[in-house]
There are 2 protein chains.
Amino acid sequence: MAKKKKEAPLTGITVSKEEDFSGWYTELINKAELADIRYNIKGFVVYREWATITIRKMYRKTEDLLEKKGHLPLTMPSLIPESNFLLEADHVEGFAPEVFWVTEAGSSGKLAERLALRPTSETALYKMYSMWLRSYKDLPFKRYLSCQVWRYEGKMTRPFFRGREFHWIESHNVFATMEGAMEQVKEDMETTYQILQDECCIPLIFFQRPEWDKFAGAVHTYAADALMGSGKVLQLPSTHLLGQNFSKPFNVKFVDTDGEEKYGYQTCYGPSQSRNYGAMIAYLGDDKGLVLPFDLAPVQIIIIPIIYKGKEEFVLKKAREIENQLKDKYIVKLDDSDESAGNKFYYWELKGVPLRIEIGPKDIEKSHVVIVKRHDGQKFFVQENELKEFIDNLAENYTKEIKEKSLVDFESQIEVAYEKDAAIEAINNGKIVCCGFCSIDFDGEHCAEIVEKDIGGFVRGKRIDEEKHEFATCIICNKPATCTVYIAKSY
Amino acid sequence: MAKKKKEAPLTGITVSKEEDFSGWYTELINKAELADIRYNIKGFVVYREWATITIRKMYRKTEDLLEKKGHLPLTMPSLIPESNFLLEADHVEGFAPEVFWVTEAGSSGKLAERLALRPTSETALYKMYSMWLRSYKDLPFKRYLSCQVWRYEGKMTRPFFRGREFHWIESHNVFATMEGAMEQVKEDMETTYQILQDECCIPLIFFQRPEWDKFAGAVHTYAADALMGSGKVLQLPSTHLLGQNFSKPFNVKFVDTDGEEKYGYQTCYGPSQSRNYGAMIAYLGDDKGLVLPFDLAPVQIIIIPIIYKGKEEFVLKKAREIENQLKDKYIVKLDDSDESAGNKFYYWELKGVPLRIEIGPKDIEKSHVVIVKRHDGQKFFVQENELKEFIDNLAENYTKEIKEKSLVDFESQIEVAYEKDAAIEAINNGKIVCCGFCSIDFDGEHCAEIVEKDIGGFVRGKRIDEEKHEFATCIICNKPATCTVYIAKSY
């Protein structure tokens, strides 16, 4: 699919993921040709073929799931007039430092008004919503965009994890009541688990973010964190309860069943497909290269003929037969290039192709083929007449196996701490700390600052799926704890 | 799928397409809720749900076809540094008047270099190509982007036809020889026919554009024109033979089989999905609203229960049964809203749903249903036990029937002219004129200016698929004709 560079020997990744996550990730991106960071604008990268194909598959899965849940797609302009932007005060304050501005066009020079490259689409969409929505019959109104956004990031960028242009879906919804909106937040969390945990095999925790760390303009923000190999968490999709914070300035109203005109209650949800991809390859990859869920791999089965002199056509003919047997159901590639079989093994392992079929003259004599699974290296000798069934079985279980391993690994990364010193040690060991905390309202912000300074992590928020908590006091101030929080380093 | 506005009676389009194409198109866009022109930046529109779904289907069909022909997808940044832009002189001259510039970001103010919102991606991509390509083994190198582009259009914008942001695919390819590049141009033309003529039912002619009307930086431009209902042609996808015009300034080189380093020969091809959509709905639509090919319709079959008082559940139950029978294979919707059956008929005709199934108490007694085809209004009474097979048959032929009608209509729109007066009359009658012409090299530019002034049309170029020509002299200067050209008004 991608061309092999003769000059680089094909020997997997040379940096250990465990010892140097950051170096490992950079080498993975380069060697597997996933992104090119040499594009000449800081923070903007090219996504190569192999990454683009998987990201597209992730988009389609997410779009299909959203549509099953009643969302419809829209296409919005990428530019937002500055005057729209100024309508919600917290929002503009939060996003102003991150906006790229279009100020000139063509030969006519300066535009009358600055146009923002959308950093997110609330202020573009909700003006339209105010024109479209009329009555309670139009609600719930659930729409989404598949698009890219631009943010002038101050933090260090890293391909897929964080860039100045990234690719996401944003869903924007209007309800008649706050309860309806909160139900949507829950549905968004379920969607996140379905895509990220079930399809991408990334284990997650959903948090209600602290007051000081929520989306600009939201009532509450709920965000998923994944623990990366480096002991740092990465924020994955977040869903925001906007309440009437936007519907009032943007005039998103409807006539209710009682004939009264009311402001809608809103939510928005933003799964970033490019970041999800980064999280997935970082979480699942190993020192041989990529590991990909079966459905998301650009090539699912690679066939490698083991060629001996004089037996070329004999082996290739069988290899093609097997390719033909499988290609209606799976994405199969036969690598008949001139590289050595060893180099081909390394190359396709690096690319994360889930199943490898090896076939040589001796295998043909024995009427079997060799199958190797990428994610655990398991090897099978399979009789040719049982091949299809065997592959069906492997294909069906491949992603589940990765997911189960991920979930077990993840649980072991969480450490409960009752005292600050224990928390410091856990953070230094690359763990997520679970502990008691005084408050995720603004009252607790001072303690969170101490967490950051002394423990070296961030208060990620209150876990959503745990109603009760087991901690009596705040790990910092020793006042009564109102919630259980998680502390972690973050990207 | 979309909400019905009670205030607007559902009575199809009130303007006749034949009498006032422009008014008809505007009303179609509004009433069928395809685009919203009220977005508050000039030339930027919102594509509504119904249009977005079909455009997405068009993207997927085009992507699939390109990938079958050996192209792979890439994702490029949307911004291009001004310094890249300046590398190819004709290109920058051609595009400079149309570029939106990002000049400021965040609170840090002015950027060191202006960044163009890509009007097309040659100058972004080819810098990468120069880093990626090494050897003849890398060729042919065929890649594509699915993305949007921005152009500060001077001409009047119209939803889907022409906007300041539009959605396209651009494919960019490198070959070892000029012949290889020319083969790609031919393949692109074939792809255009496969998508636009076979899938979208828009009849086309492919022209080599005159020298004065080619893509900025191209050796030659080949473009498809479609005749819209208004007697004007609309340029649809164009494919450009770039030769070495870009590979030299952008240093796109490879080591050939003889060990020599050589510049590649390039082509690029840009099917605009949003414009193709506009052309399709304009060409196929009628005074009842949209007509859509079967595969591209967001809903393929609408089931309308004819409800009489007291029989509600009896009819709805049967309607649901039929929905269940068909929904595995087709995109089916049961309209069980409170609207009258008549209003539902109008509404779904306006939306262009290919097949309507009507079912009332009397139909149920007779064990049949009524089926109506949108594109020709044909009506059938079909026994319930034959329904599935009958629908399969209609579905299979629906798009072919539209296409055949389109092709016949189109042929009748072309008129051969041997003299200027005949050409003027034909143009005034909304025809495309076919005639002799002195030259589409720069020698012929003066005659083309006279064509524009006196005949009121544009020389669209030399037809590609006609080797010979039948005209002895140029319709303007009476010098010997070197080619047959077509003249038409254009969008």
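Domain bounds come from an automatic or database domain assignment, and I began my notes with what that assignment says about chain A. It gives domain 1 (21-284), domain 2 (299-397) and domain 3 (414-490). I then looked up the C-alpha centres of domain 1 of chain A and domain 2 of chain A, which lie 41 Å apart.

Before going further I noted that this is a predicted model, in which local features need pLDDT of at least 70 and side-chain atom pairs count only at pLDDT 80 or more, while totals for chains, interfaces and linings use all residues. Residues are numbered from 1 along each chain as its sequence is written, and chains are lettered from A and ligands numbered from 1 in the order in which they are written.

**Entry: how the two chains are related**

**Entry: the interface**

I counted two residues as in contact if their C-beta atoms, placed from the backbone, lie within 7 Å. By that rule 46 residues of chain A touch 46 residues of chain B. For the elements I used DSSP runs, numbered from the N terminus, with helices as H or I of at least four residues and strands as E of at least two. On the side of chain A that touches chain B, β5(A) gives the largest share, 6 residues. That side divides into 26 nonpolar, 8 polar and 12 charged residues, where Ala, Val, Leu, Ile, Met, Phe, Trp, Tyr, Cys and Pro count as nonpolar, Asp, Glu, Lys and Arg as charged, and the others, Gly among them, as polar. Because 96% of the interface residues of chain A are also interface residues in chain B, the copies meet through the same surface.

**Entry: a sheet with strands from both chains**

Strands of a sheet pair through backbone hydrogen bonds, either parallel or antiparallel. Here I took two strands as paired if DSSP finds at least two bridges between them. An open sheet is formed by 6 strands in the order β4(A)-β6(A)-β5(A)-β5(B)-β6(B)-β4(B), with antiparallel pairing. Its edge strands are β4 of chain A and β4 (79-81) of chain B, each of which pairs on one side only. Between the chains, β5(A) and β5(B) (residues 100-105) are joined in the antiparallel sense over 5 bridges. I saw that A:V102 has B:V102 as its bridge partner in β5(B), and that A:F100 stands opposite B:A105.

**Entry: backbone details**

Most residues other than glycine have a negative phi, and most peptide bonds are trans. A:P140 is found in the loop between α5 and β7 (141-150) of chain A. In chain B, a cis bond joins B:L139 and B:P140, with omega about -10°. Last, I looked up A:N251, a residue other than glycine with a positive phi, near 60°, in the loop between α7 (247-250) and β12 (253-255) of chain A.
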